[in-house]
Amino acid sequence: MAPLLRLSAWIDSFDELLGKMIRWLVLAAVLISAGNAIVRKLFNYSSNGLLEIQWYLFAGVFMLGVGYVFLHNAHVRIDFISARLSSRTNAVIDALGMVVFTIPLSIIMIALGWPLFENAWVSGEMSQNAGGLIRWPVLLLIPVGFALLLLQSVSELIKRVAYLTGHRDQPFSVIHAKSAEEELAEELAAAAAADKNNTAGSRA
């Protein structure tokens, strides 16, 4: 298990670094979007190329950041249910979900996405919009993004198995701050438990 945990740590470090770099894509998208709006209002001028750069940057943030989100355990969960389950049960559900859904889906999307990129690269496919951009960079994000998700899924699966087998104290490397939904779920669960205890006490 030790070599696998080292591999997991390397993948986590890579995605952590990549996630910090992606923040600059968000800034670039905001600046370009603001610049487009200002130029359009002041000079009545618009560029399809600049508009498409915004879409490309958004796609880059979304696809390249998927592993970073997974690392930080910040993806969407059914918080009301997961908050009621033990860490061990959640780890088992996570492991099964990765083996049955996430990893196979990632492999399928890489296999389907790569030919799209390759065809666009070979043909020099351009946007159908006048003044639009070449298409292969954004199509490359599909296999690359799912490859990152696949890598992080392997890392997360290693951590869940290590936790379940007693080689780790907790199933996550990074514990994200609780969301408002998670806090509400915990409050509701606590209120339900207190109400149950009060009811049992009154009957006694």
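**Questions on helices and salt bridges**

Colleague: In which helix is Val92 found?

Modeller: This is a predicted model, in which local features need pLDDT of at least 70 and side-chain atom pairs count only at pLDDT 80 or more, whereas totals for chains, interfaces and linings use all residues. Residues are numbered from 1 along each chain as its sequence is written, and side-chain values use heavy atoms, with hydrogens and water left out. Helices (H or I, at least four residues) and strands (E, at least two) are DSSP runs, numbered from the N terminus. On that numbering, Val92 is found in helix H5.

Colleague: Does Val92 count as buried or partly exposed?

Modeller: Buried means under 20% relative accessible area and exposed over 50%, with partly exposed in between (1.4 Å probe, protein chains only). The relative accessibility of Val92 is 35%, so this residue counts as partly exposed.

Colleague: What separates the C-alpha atoms of Val92 and Arg160?

Modeller: Arg160 is buried, with a relative accessible area of 1%. Val92 and Arg160 are 68 residues apart along the chain, and the separation of their C-alpha atoms is 7.4 Å.

Colleague: How far apart are the end C-alpha atoms of helix H5?

Modeller: The expected span of a helix is 1.5 Å times one less than its number of residues. Helix H5 (residues 87–123) has 37 residues and should therefore span 54 Å. In agreement with this, the separation of its end C-alpha atoms is 50 Å.

Colleague: At which residue does H5 bend?

Modeller: The bend at a residue is the angle between axes fitted to the seven residues ending there and the seven starting there. The buried residues of H5 include Asp94, Ala95, Met98 and Ile103. H5 has a bend of about 45 degrees, located at Met98.

Colleague: Which orientation do H5 and H6 have to each other?

Modeller: Axes are lines fitted to C-alpha atoms, for helices over the stretch in contact, and angles run from 0 to 180 degrees between N-to-C directions. The axes of H5 and H6 come within 7 Å and cross at roughly 160 degrees. Angles under 35 degrees count as roughly parallel, over 145 as roughly antiparallel, 65 to 115 as roughly perpendicular and the rest as oblique. H5 and H6 are therefore roughly antiparallel.

Colleague: What separates the C-alpha atoms of Ala95 and Val154?

Modeller: Ala95 is found in helix H5 and counts as buried at 11% relative accessibility. Ala95 and Val154 are 59 residues apart along the chain, and their C-alpha atoms are separated by 9.8 Å.

Colleague: How many salt bridges does the structure hold?

Modeller: A salt bridge is a side-chain nitrogen of Lys or Arg within 4 Å of a carboxyl oxygen of Asp or Glu. On this criterion, the number of salt bridges in the structure is 4.

Colleague: How many residues apart in sequence are the parts that Asp12 and Lys159 tie together?

Modeller: The side chains of Asp12 and Lys159 meet in a salt bridge (2.9 Å, N to O). Asp12 lies in helix H1 (residues 2–43) and Lys159 in helix H6 (residues 136–164), so the distance in sequence between the parts tied together is 147 residues.

Colleague: Is Glu156 buried or exposed?

Modeller: Glu156 forms a salt bridge with Lys159, the closest N and O atoms being 2.7 Å apart. Lys159 counts as buried at 0% relative accessibility. With 1% relative accessibility, Glu156 also counts as buried.

Colleague: Which residues do salt bridges that share partners join into one network?

Modeller: A further salt bridge brings together the side chains of Glu156 and Arg160 (2.7 Å, N to O). Glu156 and Arg160 are 4 residues apart in helix H6, or about one helical turn. Through shared partners, the network joins Asp12, Asp94, Glu156, Lys159 and Arg160.

Colleague: Which handedness does the crossing of H1 and H6 have?

Modeller: H1 and H6 pack at an angle of about 135 degrees, with their axes 9 Å apart; the two helices are therefore oblique to each other. A crossing is left-handed if the near helix is turned anticlockwise from the far one by less than a right angle, and right-handed if clockwise. The crossing of H1 and H6 is left-handed.

Colleague: What percentage of the residues in the protein is buried?

Modeller: The protein has 7 helices and 0 strands. Of its 204 residues, the buried part makes up 30%.
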